[in-house]
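This report looks at selected parts of one protein model. Please have the sequence and the 3D view open while reading.

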Amino acid sequence: MPDITYRLPQERNLVTSLPGPRSSELATRRKRAVAAGVGSSAPVYAVDADGGVIVDVDGNSLIDLGSGIAVTSVGASNPQVAAAVAEQAAHLTHTCFMVTPYEGYIEVAERLNRLTPGDHEKRTVLFNSGAEAVENAVKIARLATGRQAVVAFDHAYHGRTNLTMALTAKSMPYKSNFGPFAPEIYRMPASYPYRDGLDGKVAAAEAIDRIEKQIGAGSLAAVIIEPIQGEGGFIVPARGFLPALADWCQANGVVFIADEIQTGFARTGSWFASNDEGIVPDLVTMAKGIAGGMPLAAVTGRADLLDAVHPGGLGGTYGGNPVACAAAIAALDYLESADLASRARHIEEIAKPMLRSLADETGVIGDIRGRGAMLAIEIVKPGTNEPDAVLTKEVATAVNAAGVVMLTCGTYGNIIRLLPPLVISDELLIEGLDVIGSVLKAKAGK
Ligand SMILES: *Cc1c(COP(=O)(O)O)cnc(C)c1O
């Protein structure tokens, strides 16, 4: 455990029932002002956060097992990040890198070129959101190869813009009635060991066979995949699946894009999830954990691919904003100096045995999976592998009401996922898991 000093007491402390009166007031205002299409998983409104806690407007202190969807790995008010943001904002908040460039952008690019897998010559371009990074990775792959088709997988999540909706697998809530979608996207079977029981090489061979029959390598610009699928259910592909796909791409001049937006920056116990199987993607998309909560995203990859694009072909008004870059540099420094990658592995070592005994006690956990601080349980009807989305939702609501911010996901809506800040204390993590455990036992009738 690195020596972390916290500003706020690291405790779960409920002074009202949830939501409290001030949160309820805000919910009423929100209903009249904010589009109904934006959902929130917890019913409370936040005012402060530090380490493993979020404090709401009523003074309740909640345990954070979500990190704002894998973003605040270094904490939501990391002192180094906060100082870097303040310092940069006091000088300039924006000039636009395409107008009057600045050093922070270059520094972030140098660091990402160094940190991402592979020691080949790399280049980086910065954006604001994960979806924007994915869009641009596809733009780059198409231009560089002169081909159009893109392969994405079952259970994939790549964002909510038009092209990334097309790449995302799940209809409700992400795509339903938002079409038509971008053309030349082909969906292939993924590796989902709990449900397909396939060896990684066999699963890859099936996907490759379908790619060759239905598209043809000569028409294929890129294959994009999350090394551990996030929104689709924290699905860890069987060993060998990713290397086989990457090798096939390399042999066929197809750009292999690893979408590391959720898995990146020490979340899974190494800098990137690709490191775990030694794969070296041609392009890597990054966002979420990159900048301690500031909006920043990146595409890093082979210099020949990125430099193939004509000057002016990539960019955006805010991409690589100087405040976001300053935050990223501070967050990357902290990830390294506090060795949060080992901290992520330590979180796995604490959580997995607790989840295993919970599985034995309740009989409703079909699978326990994930790596580092990206962990999940798959909730099923006892004695089957039939997803139980109703129980999952009930558990999530009750866990949130008990003062633990916890998220669900999955194609079948039956995954409870754990994404604690990497700076959470052992005690708080264990307490959060205990709350999930007692709720799950009660709801499962144990
Ligand atoms: C969150 C996510 C995205 C989209 O990122 P946004 O910043 O929400 O646009 C894309 N890919 C993966 C794997 C993600 O988890």
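## Two crossing helices

The model described here is predicted. In it, helices α13 and α14 cross in a right-handed way. Helix α13 covers residues 389–401 and helix α14 covers residues 426–443. Their axes come within 9 Å, and the crossing angle is roughly 135°. Angles over 145 degrees would count as roughly antiparallel, and those from 65 to 115 as roughly perpendicular. The angle between α13 and α14 therefore makes the pair oblique.

Which residues in α13 and α14 meet? From α13 come L391, E394, V395, A398 and V399. They meet I436, V439, L440 and K443 of α14. Sorted by class, this contact has seven nonpolar residues, two charged residues and no polar ones.

## The sheet

The model also contains an open sheet of seven strands, in which the pairing is mixed. Read across the sheet, the strand order is β4-β10-β9-β8-β7-β5-β6. The edges are β4 (122–127) and β6 (185–188). Each of these two has a single partner strand, so one side of each is left without a neighbour in the sheet. From one strand to the next, the twist averages 20°.

I224 has I257, in β8, as its bridge partner.

## Helices lying across the sheet strands

Helix α4, residues 103–115, lies across β4, β9 (283–286) and β10 (297–302). Its direction is at about 130° to β4.

Helix α8, residues 200–214, lies across another set of strands: β5 (149–153), β6 and β7. Helix α8 runs at about 150° to β6.

## A glycine in a loop

Where is G232 placed? G232 sits in the loop between β7 and α9, the latter being residues 241–251. Is G232 buried or exposed? A residue counts as buried under 20% relative accessible area. G232 has a relative accessible area of 6%, so G232 is buried.

Leaving aside neighbours within four places in sequence, G232 is in contact with H155, G410 and T411. A further pair to find in the 3D view is G232 and R417. These two residues are 185 residues apart in sequence, while their C-alpha atoms are 11 Å apart in space.

Terms used: Residues numbered from 1 in each chain as written. Predicted model: local features only at pLDDT ≥ 70, side-chain atom pairs only at ≥ 80, totals over all residues. Heavy atoms only, no water. Pairing = 2+ DSSP bridges. Helix = DSSP H or I, 4+ residues; strand = E, 2+ residues; numbered from the N terminus. Axes fitted to C-alpha atoms, helices over the stretch in contact; angles between N-to-C directions. Contact = heavy atoms within 4.5 Å. Parallel < 35°, antiparallel > 145°, perpendicular 65-115°, else oblique. Left-handed = near helix turned anticlockwise from the far one by under 90°. Nonpolar A, V, L, I, M, F, W, Y, C, P; charged D, E, K, R; others polar. Buried < 20%, exposed > 50% of the residue type's maximum accessible area, 1.4 Å probe, protein only.
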